[in-house]
Every structure is written in C-alpha cells, then in structure tokens.
Amino acid sequence: MSLKGKHALVTGSTSGIGLGIAEALAREGVNLVINGFGEASSIEALRARLSHTHGVDVIYSSADMSRADDIARMMEAVVEQTGGIDILVNNAGIQHVAPVEEFPVERWDAILAINLSSAFHTTKAALPVMKQRGWGRIINVASAHGLVASPFKSAYVAAKHGIMGFTKTVALECAQQGVTVNAICPGYVLTPLVEKQIPDTAKARGISEDEVKRNVLLAAQPTKRFVAIEEVAAITLFLCSDGASSITGSHIAAEGGWTAQ
Ligand code: NAD
C-alpha cells in the first residue's frame with residue numbers, strides 16, 4: 001500500500017534524525033505535522049520547503065514535549081486539522097551527561113518527560129483513530145542505549161530502556177487492529193544532540209574532544225563510523241511498509257554492531 005496521502009506526526013523534527021525522517025516520509029507523499037524548537041523564521045522556511053518540494057501539507061506545532069498539557073493541545077489540533085494521524089514517530093529527545101551523584105534533578109525530570117513520557121501522551125491520543133481505521137504505525141526512536149548502558153547517562157539510558165518496554169506493551173494492546181508499534185535503536189549519529197555532549201563527556205572523563213569521538217563515541221561501534229540520518233529514515237519507511245506488517249513490539253538496531261559484542 002502506498003503511503004501517499006497519509007498523515008504523520010514526527011516529534012522533534014526541526015533538526016537531526018526527526019527532520020531526516022520527516023523528509024523521507026514527505027518524499028513518499030505523506031502529509032506532515034512537524035514539531036520542535038528553533039527560530040520561527042527558519043522553521044517556517046523549513047515547513048514551506050518540505051511542503052513545496054514534496055507537494056504535501058505540512059503543519060508545524062511548537063508544542064513542548066516536556067509538557068503533557070502542550071501535547072494534549074497539539075494532539076487535539078492535529079486531529080481537527082488532519083482527521084487523525086496514521087503514522088506517529090516519537091523522536092524528540094535530549095541528553096545530559098554527568099555522573100549520577102552530580103546529575104541535576106531538573107535534567108533527570110526533563111529527560112524522562114521528553115524522551116519517555118511524551119511518547120505515552122502522543123500515543124494515548126493518536127491510537128484511537130488508528131484502531132478505528134485498522135491501520136497505523138507507531139515508531140519510537142529509542143537508541144542503542146535502549147539495549148545497553150554507558151556510564152554518565154543514567155537518565156537517558158533509563159528513558160530509552162523505558163521506551164522499549166512501552167513499545168512492547170502498546171504493540172500487544174493493538175496487535176489485532178492493524179497497528180504496529182516498534183522502536184529503532186540507532187548507534188551514534190552526528191547530529192546537534194551528539195555534538196553538544198562531546199564537551200561534557202570530555203570534561204566528565206578528563207580527555208580531549210577528539211578522543212571522545214574516537215575512543216568513547218565510536219569505541220563501541222565496530223563499524224567505526226557514525227550512522228547516517230538517511231539510514232534511520234530508511235528503517236522508518238520500511239517499518240511503515242506492508243512488508244513490515246508482522247513486525248510489532250520489536251526493534252531494529254542500526255548501531256554498527258555495537259550490541260553484538
Ligand atoms: P537533535 O538535537 O538534532 O534533534 C532533537 C529534536 O527534538 C529537535 O528538533 C529539537 O528541537 C526537538 N526537541 C528537543 N526538546 C524538545 C521539546 N521539549 N519539545 C519538542 N521538541 C523538542 O537530536 P537527534 O540526535 O536528531 O535526536 C533525535 C532522537 O534520536 C532522540 O530521541 C535521540 O535520543 C535519538 N537518538 C539519537 C542518536 C544520535 O547519536 N544522535 C542516537 C540514538 C538515538
């Protein structure tokens with residue numbers, strides 16, 4: 001079945017992986033709701049570019065994924081404007097790197113809210129229409145850190161392991177209604193999220209930023225290269241395809257062999 005004319009919401013799609021996923025869906029003729037932070041004029045330029053280049057409707061929501069009330073308002077508006085989402089990509093995420101004894105409570109709460117709870121709020125609101133239509137795709141952008149841990153990332157690893165459990169649970173709840181729920185577990189992708197954590201990791205470990213890239217980030221990734229955004233987007237399209245209809249409650253890891261070790 002072609003994806004043309006379907007509606008997708010991609011949270012955190014003004015940058016990095018989310019933007020790559022949004023672009024790949026638009027290329028298939030999927031109408032979009034994009035979301036995330038950034039300068040208003042650049043976001044409007046991005047919205048217009050996606051719409052004109054791919055001939056699809058693109059709506060922007062500025063909802064803050066750390067706030068349940070903001071998400072509820074966004075989901076209500078989305079149902080009103082689109083009739084309901086067919087494809088939900090829970091992608092928004094942040095990171096903070098610090099030893100657990102020094103981890104700021106406010107960062108812990110923000111990471112759990114954005115990287116985990118936001119997916120609960122969006123899924124809760126999007127699922128009824130998907131079930132009613134007998135077709136839907138929920139894709140949670142987790143991480144290799146949903147499968148294994150690294151030091152100094154307690155909140156992120158906890159949230160990403162949490163989203164793996166959430167993925168499996170929701171998959172079971174809609175398994176007979178044509179709705180699949182899966183996670184993607186990328187290894188390191190060179191996006192602003194990763195670039196921002198390099199100085200903190202260098203500080204936490206007392207090493208240079210180059211050493212962080214070589215000896216920390218890519219140390220666990222046997223391919224010794226960053227995963228491309230396009231690779232994560234391609235997995236998303238596959239999970240939306242008919243060929244992936246029996247894949248649910250599962251995950252696809254694109255971590256260059258990291259978790260094979
Ligand atoms: P990024 O920083 O490039 O993009 C994050 C996006 O989320 C941006 O659009 C940002 O505006 C948005 N965002 C942040 N806080 C938000 C909030 N409160 N409300 C709404 N939007 C918000 O990061 P990325 O690397 O593209 O990460 C995207 C997802 O991929 C995250 O869930 C991340 O954990 C996951 N991931 C990233 C990597 C990597 O190496 N980059 C690896 C595995 C998983």
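Colleague: Which residues does Ile 21 touch, not counting residues up to four places away in sequence?

Modeller: Ile 21 touches Val 10, Val 89, Val 141, Val 232, Ala 233 and Thr 236. Contact here means heavy atoms within 4.5 Å. This is a predicted model, in which local features need pLDDT of at least 70, side-chain atom pairs count only at pLDDT 80 or more, and totals for chains, interfaces and linings use all residues. Residues are numbered from 1 along each chain as its sequence is written, and side-chain values use heavy atoms, with hydrogens and water left out.

Colleague: Which residues have the most contacts inside the largest nonpolar core, and what makes a set of residues a nonpolar core?

Modeller: A nonpolar core is a set of buried Ala, Val, Leu, Ile, Met, Phe, Trp, Tyr and Cys residues joined through side-chain atoms within 4.5 Å. The largest one has 32 residues, and those with the most contacts inside it are Ile 21, Leu 25, Leu 32, Ile 34, Ile 87 and Val 89. At least two residues of this core come from each of several elements, among them strand 1 (7-10), strand 2 (31-35), helix 2 (40-54), strand 4 (87-90) and helix 8 (229-240). Helix 1 supplies the largest share, seven residues. Another core, of 28 residues, lies apart from it and includes Met 74, Ala 92, Leu 127 and Met 130.

Colleague: Why is Val 33 called buried?

Modeller: Buried means under 20% relative accessible area, exposed over 50%, and partly exposed in between (1.4 Å probe, protein chains only). Val 33 has a relative accessible area of 2%, and therefore it is buried. This residue is found in strand 2. Leaving aside neighbours within four places in sequence, Val 33 is in contact with Ala 8, Leu 9, Val 10, Ser 13, Ile 59, Ser 61, Val 78, Thr 82 and Ile 85. The C-alpha atoms of Val 33 and Leu 9 are separated by 4.6 Å, although the two residues are 24 residues apart along the chain.

Colleague: Why does Glu 80 count as exposed?

Modeller: The relative accessibility of Glu 80 is 72%, so this residue counts as exposed. Glu 80 lies in helix 3 (residues 68-82). From C-alpha to C-alpha, Glu 80 and Ser 117 are 23 Å apart in space, and they are 37 residues apart in sequence.

Colleague: Why does Ala 72 count as partly exposed?

Modeller: Ala 72, also in helix 3, has 41% relative accessibility and therefore counts as partly exposed.

Colleague: What makes Phe 120 partly exposed?

Modeller: Phe 120 has a relative accessible area of 40%, so the label is partly exposed. Phe 120 is found in helix 4 (residues 105-133). Phe 120 and Ala 68 are 52 residues apart in sequence and 9.5 Å apart in space, C-alpha to C-alpha.

Colleague: Which phi does Phe 152 have?

Modeller: Phe 152 has a positive phi of about 75 degrees although it is not a glycine. Most residues other than glycine have a negative phi. Phe 152 sits in the loop between strand 5 and helix 5 (154-173), and at 27% relative accessibility it counts as partly exposed. Lys 224 likewise has a positive phi, of about 60 degrees, without being a glycine; its place is in the loop between helix 7 (209-217) and helix 8.

Colleague: How many helices and strands does the protein have, and why is it called as compact as a globular protein of that length?

Modeller: The protein has eight helices and seven strands. Its radius of gyration is 18 Å, close to the 18 Å that the globule rule gives for 261 residues, so it is as compact as a globular protein of that length. The radius is taken over C-alpha atoms, and the rule is 2.2 Å times the number of residues to the power 0.38. Helices (H or I, at least four residues) and strands (E, at least two) are DSSP runs, numbered from the N terminus. Of the 261 residues, 52% count as buried.
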